[in-house]
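Visitor: I would like a close look at one part of this model, and then at how it sits in the rest of the chain. Please keep it brisk.

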Amino acid sequence: MEKIRSLLTNKVGGNSNNTSVKTHVCNWILDSGCSHHMTSRHKLLTNIWKTKPSRVGLPDGSDILASEHGCGTLSSNFVLKDVLCVPNLTCDLISVKQLIKENNCFVTFYADYCVIQDQSTRMKIGRGEHRDGVYYLKTLDREFDARTRIEGDGRLWHPEIRSSL
């Protein structure tokens, strides 16, 4: 909570690590305590619409009024629907609860990273990198990552082992 609090008052920057899957590094933070996806950057949103102004409570106890929503496309298979545009917010927040509900996916958290997978196909659609006490989203540019696909019963299979069964 302290890290989120400090990010709300400071600019955030992203680091890029080399991986075998090409990723788009962004400043979206996966936040399990956030009620809605939020950003202050209109350029990240499409289909922006006005709504009745609503108060957004911040961790420091202050409130900000937000009166616009939009959609954020992070990759071809990763869309954030109903993103609240919050003026002067200095980081971009993804509500884990809203993400799971709107994208029919699940998120598994580990000490240094998290994985976002489609609930039906188990296809990896994103991952988060743990830095400075929070998980930063990294979206996949590839439609399929064979190394992380989970088959039928939920176990990871190596192709050579599977063919011998």
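Visitor: How many residues lie between β7 and β8 in the hairpin that they form?

Guide: There are 3 residues between β7 and β8 in that hairpin. A word on the source first. This is a predicted model, in which local features need pLDDT of at least 70, side-chain atom pairs count only at pLDDT 80 or more, and totals for chains, interfaces and linings use all residues. Residues are numbered from 1 along each chain as its sequence is written, and side-chain values use heavy atoms, with hydrogens and water left out.

Now the hairpin. Strands here are DSSP runs of E with at least two residues; helices are runs of H or I with at least four; both are numbered from the N terminus. β7 and β8 pair in the antiparallel sense, over 5 bridges. Pairing requires that DSSP finds at least two bridges between two strands. β7 covers residues 105-109 and has the highest mean pLDDT among the elements of the chain, at 95. pLDDT is the predictor's confidence in each residue, from 0 to 100.

Buried means under 20% relative accessible area, exposed means over 50%, and partly exposed lies in between (1.4 Å probe, protein chains only).

β8 also pairs with β9 (residues 124-131), again antiparallel and over 5 bridges. Tyr-113 has Glu-129 in β9 as its bridge partner. β8 and β9 form a hairpin too, with 5 residues between them. Arg-122 in that turn has a positive phi of about 65 degrees.

Glu-129 also makes a salt bridge with Arg-131, the closest N and O atoms being 2.5 Å apart. Both Arg-131 and Glu-129 are buried. Shared partners join Glu-129, Arg-131 and Lys-138 into one salt-bridge network. The rule for a salt bridge is a side-chain nitrogen of Lys or Arg within 4 Å of a carboxyl oxygen of Asp or Glu. By this rule the count is 4.

Elsewhere, Asp-92 and Arg-41 meet in a salt bridge at 2.3 Å, N to O. This pair links distant parts of the chain, 51 residues apart: Asp-92 is in β6, and Arg-41 is in the loop between β2 and β3. Asp-92 counts as buried because its relative accessibility is 3%. Arg-41, at 30%, is partly exposed.

Glu-68 and Lys-50 meet in another salt bridge, at 3.0 Å, N to O. Glu-68 lies in β4 and Lys-50 in β3, so the pair ties together parts 18 residues apart in sequence. Glu-68 is buried at 15%, whereas Lys-50 is exposed at 64%.

β4 (residues 63-75) also holds Cys-71. Cys-71 is buried, at 18% relative accessibility. Beyond four places in sequence, Cys-71 touches residues including Leu-44, Trp-49 and Leu-80. A contact means heavy atoms within 4.5 Å.

Now step back. The chain has 3 helices and 10 strands, in the order α-β-β-β-β-β-β-α-β-β-β-β-α. Of its 165 residues, 42% count as buried.

The chain averages a pLDDT of 75, and 67% of the residues score at least 70. The lowest mean among the elements, 43, belongs to α3 (residues 159-163). pLDDT stays under 50 over residues 9-25, and also over residues 142-165. Where pLDDT is low, the predicted coordinates should not be read in detail.
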